[in-house]
Amino acid sequence: MSDHTGPTKTAFVFAGGGSFGAIQVGMMHSPAAHGICADMVVGSSVGALNGAYYAGDPSLKGVLQLESIWRGLRRRDVFPVTWRTLLGFLWRRDFLIPQGGILKLIDDHLPYRNLQDARLPLHIVTTDIVSGDSVGLSEGPAAEAIMASTAIPGAFAPVRHNDIYLADGAISSNTPVRVAVAKGARRLIILPTGYACATTKPPSGAVANALHALTLLIARQLVSELEGLGPDIEYVVVPPLCPLVGSPYDFSRTADHLERAIHSTDAWLAKNGLEQGGIPHEMRPHRH
């Protein structure tokens, strides 16, 4: 078990965004290659999945393994929508997609079983689906926490935990930035996923539209939360990709997202991006 005592200063904060999580993994490549590591990890939604893998092995080798996992992902592995699931949804009227695919990803690849056994202190952000409150999980089964944080309402069933029902961490207005600050971080390195900033019309399909709406919410939420931080908190946002074409429900562009994110983050680091801070233009959603 890792020793998680002592002062915690820098947090890597992983936002949500469906299949755009591949961009986050590309962003992780460059800091790992330069020996840049966090003191703690906070993740929400797909960021909980990426953050959990990073916390298990924050080395370049670990990031490369996560890249390999992402390159092999297909939509059916995460969102297996079939006629059977549609009929099941109509019959049960509670959720659309089983979470067996996400559970298999965790069981097959995560190198630890409990959150407290990660190499870095790890905090998974979820939402109490009844009250809307943010619920942070730092101990206990990693699979349960990750499945809860990625449980998009209507698509996945909420996860019962200590007599409350937990769902997608991206719903909570005070996550994941404020969670990192509450856990003692005073410098935040934020890895967003972005949103489909080059689209001219909504994506097709119910799940794709729900995910797209969540990414818009996350982008606006993040800007608002960062601007509300106190002067004692330093932060830097790794610039997301823009133009970004596609849907957070579409896994066919993973390789392109990874490569573009690696190159753009390399260029950003070469320009001392970590020392400049602030909110990149790409993270400020356009207002029409």
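In this predicted model, Arg160 stands opposite Tyr165 of strand S6, and this pair belongs to a region in which strand S5, covering residues 159-161, and S6 are joined in the antiparallel sense over three bridges. The two strands S5 and S6 form a hairpin with two residues between them, and within the turn Asn162 has a positive phi of about 50 degrees.

Strand S6, which spans residues 164-167, also pairs with strand S3, residues 122-128, and here too the sense is antiparallel, with two bridges between the strands. On the S6 side, Ala167 is the bridge partner of Thr127.

Helix packing was examined next. Two packed helices are described by the angle between their axes and the distance between the axes. For helix H3 (residues 60-71) and helix H10 (residues 254-270), the axes come within 9 Å and cross at roughly 150 degrees. Because angles over 145 degrees count as roughly antiparallel, H3 is described as roughly antiparallel to H10. The crossing of these two helices, H3 and H10, is right-handed.

On the side of H3, the contact is made by Glu67, Trp70 and Arg71, whereas H10 contributes Thr254, Ala255, Leu258, Glu259 and Ile262. When the residues in this contact of H3 with H10 are sorted by class, four are nonpolar, one is polar and three are charged.

Key:
Residues are numbered from 1 along each chain as its sequence is written. This is a predicted model: local features need pLDDT of at least 70, side-chain atom pairs count only at pLDDT 80 or more; totals for chains, interfaces and linings use all residues. Side-chain values use heavy atoms; hydrogens and water are left out. Axes are lines fitted to C-alpha atoms, for helices over the stretch in contact, and angles run from 0 to 180 degrees between N-to-C directions. Helices (H or I, at least four residues) and strands (E, at least two) are DSSP runs, numbered from the N terminus. Angles under 35 degrees count as roughly parallel, over 145 as roughly antiparallel, 65 to 115 as roughly perpendicular and the rest as oblique. A crossing is left-handed if the near helix is turned anticlockwise from the far one by less than a right angle, and right-handed if clockwise. Contact means heavy atoms within 4.5 Å. Ala, Val, Leu, Ile, Met, Phe, Trp, Tyr, Cys and Pro count as nonpolar, Asp, Glu, Lys and Arg as charged, and the others, Gly among them, as polar. Two strands pair if DSSP finds at least two bridges between them.
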